[in-house]
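Subject: Structure for you to look at

Hello,

Here is the structure I said I would pass on. Please open it first, and then read the notes below.

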Amino acid sequence: MKIIKIDKEKWADGLGNVAESYRLFGPKKENTFFSFKALEKGELPDFSFSNTRLSPKSLVYPQSEAMFEYTLDETRDDHHLMKAIDKAYSPRAVIGIRPCDAKAFLLVKKNFDTLDYKDPYWIKPYEATTWVGLACNTPCSTCFCTSAGCGPFHEEGLDLLLVDDGGHFFAKVVTARGEKLIHVAGWGTEADADSAMKRIQALKKKAEAKTTATICTDKLKDVSITALFYARFWEKISFSCINCGTCSYVCPTCWCFDIQDEVYGDSGVRMRNWDSCMYPLFTLHGSGHNPREEKHQRVRQRFMHKLKYYPDKYKNGIQCVGCGRCIRLCPVNIDIRRICELMNSYDPEACPVK
Ligand code: SF4
Ligand code: SF4
């Protein structure tokens with residue numbers, strides 16, 4: 001294992017070197033919140049954030065993305081032909097992603113990069129990126145990553161993990177890509193691995209102890225899908241939901257989208273836009289039938305997908321990394337931890353199927 005000690009006085013120079021061959025992205029403050037954005041020349045990522053309001057998923061999977069263009073002008077030979085839009089996928093580095101958000105990409109990958117189907121719009125930017133994580137020394141009160149298969153110092157999905165230790169960072173090399181970035185930056189020297197690891201472990205233990213919120217998922221796999229689907233609690237849970245879709249938009253593991261054509265005069269663009277299972281239009285059929293017409297059906301879909309369908313299908317835990325955004329930002333305080341508790345402890349004998 002390789003750990004580099006980066007003196008903070010050398011941080012900016014190293015990032016300047018990296019910027020010569022990578023496009024850099026990092027957290028930036030906008031009014032009262034933070035977002036991941038492209039960093040301008042000489043600009044440093046702002047590490048004073050706890051976590052960004054929107055997850056960094058848009059770096060790979062933009063909220064709106066043009067996929068094809070076409071013309072309806074019948075005087076042109078190429079009229080009505082879909083033409084792929086050229087995109088640049090040059091090397092990029094995301095500096096300061098939180099471990100939960102980095103792991104979230106691996107969960108989403110299961111949807112966009114499968115044996116049967118490979119989505120080039122998602123895979124190419126993901127693979128062009130070097131992921132430099134920033135361990136959470138002070139998790140938010142709503143974070144429950146440690147019980148959601150993740151943690152404040154988790155390394156899955158990262159190439160490099162930075163640990164802030166006051167006057168310096170420890171940079172733990174996770175992959176060859178991470179090692180390459182360290183080399184390009186020209187940062188510091190290799191630390192004594194044993195003493196650096198001891199310090200990292202101590203900080204990790206402290207951060208985990210501060211992550212007091214939890215989610216309990218141990219019995220989810222044993223409850224039948226049908227019993228949960230017809231459970232009586234969905235109407236009660238969904239009563240206050242206003243179907244605003246905030247929970248899906250801020251979530252790093254939500255992947256639903258819609259494809260729409262936007263036509264101006266004779267020119268058309270086929271767009272992919274984020275969508276949400278919380279919106280009634282999402283499942284509206286061309287016939288006018290809507291299988292999720294009622295609010296409780298849509299709320300049920302969101303939580304069944306994250307906590308039952310996904311774990312049953314992929315068998316690698318829930319479709320949630322415990323970032324806590326949906327809890328912090330839901331305008332009516334719907335809390336995935338509470339819903340998970342109801343699902344996890346559901347007893348169809350005590351509450352028979354409707
Ligand atoms: S953020 Fe809250 S109110 Fe909005 S759709 Fe999600 S659960 Fe409903
Ligand atoms: S469901 Fe909520 S807590 Fe879980 S990853 Fe999505 S936004 Fe974060």
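The centres of domain 1 and domain 2, taken over C-alpha atoms, are 28 Å apart. Domain 1 covers 3-59 + 91-210 and domain 2 covers 220-344, with bounds that come from an automatic or database domain assignment. To their contact, domain 1 gives 23 residues and domain 2 gives 20 residues; two residues are in contact if their C-beta atoms, placed from the backbone, lie within 7 Å. Helix 2 (residues 99-112) supplies eight residues, the largest share of the side of domain 1 that touches domain 2. That side has 12 nonpolar, six polar and five charged residues. Nonpolar here means Ala, Val, Leu, Ile, Met, Phe, Trp, Tyr, Cys and Pro, charged means Asp, Glu, Lys and Arg, and polar means the others, Gly among them.

This is a predicted model, in which local features need pLDDT of at least 70 and side-chain atom pairs count only at pLDDT 80 or more, while totals for chains, interfaces and linings use all residues. Residues are numbered from 1 along each chain as its sequence is written, and chains are lettered from A and ligands numbered from 1 in the order in which they are written.

Now the strands. Helices (H or I, at least four residues) and strands (E, at least two) are DSSP runs, numbered from the N terminus, and two strands pair if DSSP finds at least two bridges between them. Strand 12 (residues 267-274) is antiparallel to strand 4 (residues 64-71), with seven bridges; in this pair, Ser64 is bridged to Asn273. Strand 12 also runs antiparallel to strand 11 (residues 257-264), joined by eight bridges, and Val263 lies opposite Gly268. Strands 11 and 12 make a hairpin with two residues between them, and Gly265 in the turn has a positive phi of about 60°.

Regards
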